[in-house]
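Thanks for sending this one over. Here are a few notes to read alongside the coordinates, as numbered points.

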Amino acid sequence: MRRALKILGWTLGALVLLIGAAGVFAYIFVTSDYVRDRLESESDKASGRVTKIGRLAVDWGWTTHFHIENIQVSNADWGKAPHLFSADEIECDIRVWPLVKGNIELPRLRLVKPVLSIEKNDRDEMNWSAEHAPATTAAAKAVTPAERHQTPLIGTLEIVDGQIAYRDALRKINLDGTVSTAMGQAGEQSPQAHLSMKGNLEKQPLSLQFTGGSIIMLRDSETPYPIDLDVHYGDTHLTVQGKLQDPMQFKGANVKLTLSGQNLAQIFPLLGIPGPPTPPYRIEGQLDRSGQSWKMENMKWHVGESDLAGTLTLDEGAKPEKLTARLTSDNLVFADLAPLVGASPGKGGTTSDEQKKTEAKLEEKGDLFPDVPLHTERLRAMNMDISLDAKKVVAPDYLPVTTLSAHVVIDGGQARIQPLKLGFAGGTLEGSLDIDARPDQPKVATDLKLEQVALAEFFRNTRFFDTTEGKLDGHIGLAGQGKSLAAVMGSANGDISIAMGGGSISDLMVSAADLQIASALALYITGDHRIPVRCVVSRLDFKQGTVAFDKTLLDTQRSVLHVDGQVTLGDQATRMKISADPKKWDLLDLHAPVLLDGKIRSPRISIGRKIPIPLPDFGGAKDAPCDQLTREIMNGAGATRSTGAPSG
């Protein structure tokens with residue numbers, strides 16, 4: 001809305017200047033070529049650009065009618081578009097007598113095929129600015145009303161087949177829109193002011209309906225001015241309703257803004273704000289303005305199945321613009337954050353049609369990481385300072401997140417989330433996440449520390465919960481690049497290290513992993529019990545998206561389980577081998593590793609032996625050097641066991 005209103009204002013400002021220049025010279029020879037040439041010359045001086053007019057006709061009177069054909073205002077030297085502004089026809093009625101009093105009254109204004117091209121170069125200069133068009137900028141400021149009684153009167157406005165383009169070379173933003181029809185009415189005799197518009201923006205349908213108080217109420221009274229704006233853009237719906245004590249300065253506002261849609265990221269072409277990807281949402285709050293800052297207070301968000309509240313401020317005076325938000329939540333559903341990385345909230349959550357298609361595609365291909373462009377280039381559009389404090393997080397048992405707090409700062413296309421802190425399985429996961437959106441291939445890096453995470457929480461609501469105990473510590477340090485989560489993971493470098501000293505685990509689980517059939521059957525019949533754990537250590541080495549298992553093992557009182565193999569994140573496939581070195585005698589043991597092969601999302605599980613005949617196992621394996629391995633893992637020492645792909 002903000003960008004659309006600016007563009008409309010620029011269009012009308014340029015038009016008023018051209019009409020004003022015409023009025024100065026029209027009384028000389030009215031429609032002669034000499035007058036047209038002189039008007040072009042004076043328009044050049046006023047706009048700071050070369051102006052061409054195909055034909056000018058003037059019908060003088062107290063209400064003078066202008067008809068201008070084929071008008072062209074040249075662009076800046078560095079501009080890509082052929083013209084800053086052009087139109088096939090401009091028709092305008094202007095009342096002469098009010099001009100003496102300094103009032104602008106246009107009973108009728110009609111534009112046919114107007115084209116407005118707003119551009120910024122790589123030095124952040126605009127093609128219509130004080131530097132590139134000083135006279136136009138000064139004149140535009142002069143005709144902009146400071147008080148409501150100075151408001152220009154436009155009785156009837158009509159725009160036919162208009163086009164709007166916005167190009168920002170520095171931030172690599174390109175937007176295109178059309179105005180197929182626009183009609184407005186705000187005459188002295190009209191009880192209300194009306195404006196309607198239909199067109200498209202970035203290939204999405206756009207429609208706007210505005211109803212306000214009469215022009216007399218706006219200009220000649222101090223009564224709060226009513227406004228009712230209704231905008232539909234694709235799946236996005238925006239309404240602004242209420243009253244303003246001073247409409248020109250947006251002061252004394254009692255205005256409610258409501259924004260809803262399928263995905264908050266879709267607001268960018270309309271509002272110029274790089275919203276995050278979300279499930280279907282609805283946002284409402286009180287809108288106000290102070291100086292060059294918009295403020296939204298008493299906000300209530302319903303996003304997917306989550307509820308948030310807080311305040312938001314947008315400072316248009318900052319260069320670039322800056323958005324500040326302070327958000328809290330007493331009910332944040334963790335699955336609703338999935339769209340942030342291009343994923344779907346899942347079958348049980350509230351999802352848009354696009355997110356359902358993404359989930360179906362992932363299931364069909366057997367992939368875990370979505371290859372959905374995240375449009376991080378939009379982070380270049382403005383700076384941000386956002387905090388979120390979620391005191392209660394609802395998450396599935398296998399991902400036991402309980403709280404979340406984050407502080408996001410975006411400066412010049414670089415985003416840093418620090419601190420990023422999650423209450424996680426009775427412990428914490430804390431650190432930072434960085435996104436550099438300046439290059440064409442965004443760079444992503446994370447540095448997270450895992451502390452005192454309860455292993456049992458991952459088995460909540462399963463038969464293994466009561467027999468599992470222990471605290472995990474670890475570190476995640478990864479970096480990759482790409483425009484989607486799949487691309488980032490497919491290029492990732494770094495490591496994930498995890499260690500646990502002491503604790504216990506289900507004896508049934510260990511026996512099943514060891515393929516110790518006799519022990520597993522006995523436990524299944526008589527009941528499971530705890531088996532002491534000496535240590536758990538694991539280091540995953542990431543090299544260009546290929547993950548190797550380095551010293552990954554579980555040492556228990558019964559046996560030592562080893563995990564070997566690799567995962568290729570580029571094609572999201574795995575080849576893993578789980579083998580056991582029994583410490584104690586077992587009557588029946590298959591003496592074979594468990595193999596996992598195929599897609600990460602749903603690997604095939606098999607036994608690495610052609611004829612699985614169980615035989616006695618006399619054990620004899622030694623304890624793993626837990627203290628040494630833990631130090632090596634947490635200090636990033638090299639591998640001691642083979643990390644090649646498993647063989648049959």
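1. Cys 626 counts as buried in this predicted model, because its relative accessibility is 8% and the cut-off for buried is under 20%. Cys 535 is buried too, with a relative accessible area of 1%.

2. These two cysteines are bonded to each other: Cys 535 and Cys 626 form a disulfide, with 2.2 Å between their sulfur atoms. The pair ties together distant parts of the chain, as Cys 535 sits in strand E26 (residues 530-543) and Cys 626 in helix H11 (residues 626-635), 91 residues apart. The structure holds one disulfide.

3. For the geometry of that bond, the torsion about S-S in Cys 535 and Cys 626 is about -70°, so the disulfide is left-handed.

4. Now to some strand pairing. Strand E19 (residues 401-411) pairs with strand E17 (residues 383-390) in the antiparallel sense, over seven bridges. Within that pairing, Ala 390 has Leu 404 of E19 as its bridge partner.

5. E19 also pairs with strand E20 (residues 414-424), again in the antiparallel sense, and here there are nine bridges. Ile 410 finds its bridge partner in E20, namely Ala 415.

Notes
Residues are numbered from 1 along each chain as its sequence is written. This is a predicted model: local features need pLDDT of at least 70, side-chain atom pairs count only at pLDDT 80 or more; totals for chains, interfaces and linings use all residues. Side-chain values use heavy atoms; hydrogens and water are left out. Two strands pair if DSSP finds at least two bridges between them. Helices (H or I, at least four residues) and strands (E, at least two) are DSSP runs, numbered from the N terminus. A disulfide is a pair of cysteine sulfur atoms within 2.5 Å. Buried means under 20% relative accessible area, exposed over 50%, partly exposed in between (1.4 Å probe, protein chains only).
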